Amino acid sequence: MQGERTSVTDSLTGAATPAGSATTSRRGPVVAALMLAMALAALDGTVIATAVPQIVGDLGGLSVFSWLFSGYLLAVTVTLPVYGKLSDTFGRKPVLISGVILFLAGSLLCAAAWNMAALIAFRVVQGLGGGALQGTVQTIAADLYPLAERPRIQARLSSVWATSSVAGPALGGLLAGYADWRWIFLINLPVGALALWLITRHLTEPPRPRTAPVRVDWAGALGVFATGALLLTALVQGGVAWPWLSAPSLGLFAGAAVLALLTVAIERRAAEPVIPGWVWRRRTIAAVNLALGALGLLMVAPTVFVPTYAQTVLGLGPIAAGFVLSAMTLSWPVSAAFSNRLYTRIGFRLTAAAGTTLAMLVLLAMPFLPYPGEPWQPALMMLMLGAALGLVQLPLIVGVQSTVPWSERGTTTASVLFCRQVGQSLGAALFGALANAVLTARLPSGDLDDPATLTPAAVDAAVDHVYVGAAAAAAIALVVLLTVAPRRFPVLRAED
C-alpha cells in the first residue's frame, strides 16, 4: 500500500531491507522503466560515433566534433555526485523524473540543432539528464531488491548497458545512412516517454518525515561540477586538441587542483555536503571507489582498441569488428548473475579479487595472440574478459550498497560510478597517448595524420602495449582489494 514502508527479509543476511521505492507487485513495470532509462543513457554515449561524417557534412565543425562525445561524457560524470546527494535528500523518484525530462529535452534540442556549436551545447544538456539516469537507476535497483536478489536486477541492467553501448554505433550508422542523423535523437522521445510514464505511475516511495528543513549544498555542487569539468576537459583534450605539456593542459590541471582544494574546504563547512567525508573515510567505500576507478581505466582497452585491431590487423569490416567486441557482452551478464553464488560463499572482496585476477591474466595473454591471427581468437579473449569483469563490478556495487542505509545509498552509488567514469576518462587519455607513442615510433614517416602509414604491424604493436597497460590497471585494482578492502563487507543488519 502506498505510504507504508514494507520490508523484505534478506535471505542472505537476515537483514530487514525496506522495499521503499515500490511494492513487490509493481516491480515489473518499474524494472522495465529502469532498463529503458539505462538503455537511453548507454546508447547516447556511443550512438553518434558512426554518424559523424553525416553530421559534419550537414552542420560543419569538423575541428570540434570530438566535443559531441566529450561534452556528453563531462556532463554525465560531473553531475553523478550531485544527483546522488539529491536522491538521498529528496528521494529517487523526483530526481529520476527530472533526469528523464532533461534528457528528452536535450534530445529534442539536438534533433533541431542548426550548427555544430548548438549541437554540442545540447549534447551537454543531454548529459546533464544522463547523469541522473545512470546513478539513480542503480540506486533504485538496490532499493527494490534485498541483497540476495540484487544480482538478478543488476545483471539485467549490466546486460542492457553493455548491449546498448555496443549496438549504439551500428544503430547510429543505420539511421544516418538510411534516414537522417537527426533520428538518432528523435528515437529517444518515445522510449523516454514510455519510461517516464512507467516511473510516474508505478514507482512509489514511502513518506520520509524530517525534523529539520532541507539544506542543499549548492556551493559544493558547483565546486564539484567545476572541478570535474576542468579535470575531465584536461584528460579528454590533452594530447588531442593540444600537447600534454602545453599551456592549456597545464592551466586546466592547475585550475582543477585549485578548485579541488576550494571544494574540499566548502564541503568541510557544509551541513549537508554533496560529497561527504565519510565516502572516503569508510574503508569499504574508499576501496570500492579505487577498485572501480581502476576497472574504468582498464575497460578503455577493449572498448576503444579492439574494433581498431579487428579492422586494421584482422581486415574485418566495421560490423564484423563490432561482433568481436560484443563477445564480451555475452559473458558479462551471465557471469554477473552467477556471482551471487560465489560471494555468498567467499565474500564480496574475494569474488571481485578472483575476477580481477582473471581479467589481468586475459589482458596479459592478448599480446601473445598470433599475428595476424583469426577473428575467433580475440573474440574468445573478449568472452573470457567479460566473464571476469562480471565477477568484479556487480559484487562490488551490490556489496557497497549493502553497507549503507537508504539515506546514504544514493550518495554511495554515485561516488563509485563517478570514480568509474573518471577512470574511463583517465584511461582514454593514458592509453591514447601510449598508443600514439608506439605508432609514431614504428611508422616510417612518423605521421599519424596519414592513414596510409598505419600498417597492421604498427597497430598490432600499439594495441599490445595498451593491453599491458590495462593489465597494470587490473593489478592496481587487485592490490587495492587485497590490502584496503576489509575481509568481509560490513553488511547492515537493518537498513533504513
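How many salt bridges does the rule give? The count comes to 5, where a salt bridge is a side-chain nitrogen of Lys or Arg within 4 Å of a carboxyl oxygen of Asp or Glu. The model is predicted: local features need pLDDT of at least 70, side-chain atom pairs count only at pLDDT 80 or more, and totals for chains, interfaces and linings use all residues. Residues are numbered from 1 along each chain as its sequence is written, and side-chain values use heavy atoms, with hydrogens and water left out.

**View A. Arg182 and Asp58 form a salt bridge.** The closest N and O atoms are 3.6 Å apart. The pair links distant parts of the chain, 124 residues apart. Arg182 lies in the loop between helix H6 (150-178) and helix H7 (183-186). Asp58 sits in helix H2 (residues 52-59). Helices are DSSP runs (H or I, at least four residues), numbered from the N terminus. Arg182 has 22% relative accessibility, so it counts as partly exposed. Asp58, at 44%, also counts as partly exposed. (Buried means under 20% relative accessible area, exposed over 50%, partly exposed in between; 1.4 Å probe, protein chains only.)

**View B. Arg92 pairs with Asp88 in a salt bridge.** Their closest N and O atoms are 2.8 Å apart. Arg92 is buried because its relative accessibility is 0%. Asp88 is buried at 5%.

**View C. Asp143 and Arg92 meet through their side chains in a salt bridge.** The N to O distance is 2.7 Å. Asp143 belongs to helix H5 (residues 116-144), Arg92 to helix H4 (residues 92-111). They are 51 residues apart and link distant parts of the chain. Both Asp143 and Arg92 are buried. Salt bridges with shared partners join Asp88, Arg92, Asp143 and Arg409 into one network.

Notes
Helix = DSSP H or I, 4+ residues; strand = E, 2+ residues; numbered from the N terminus.
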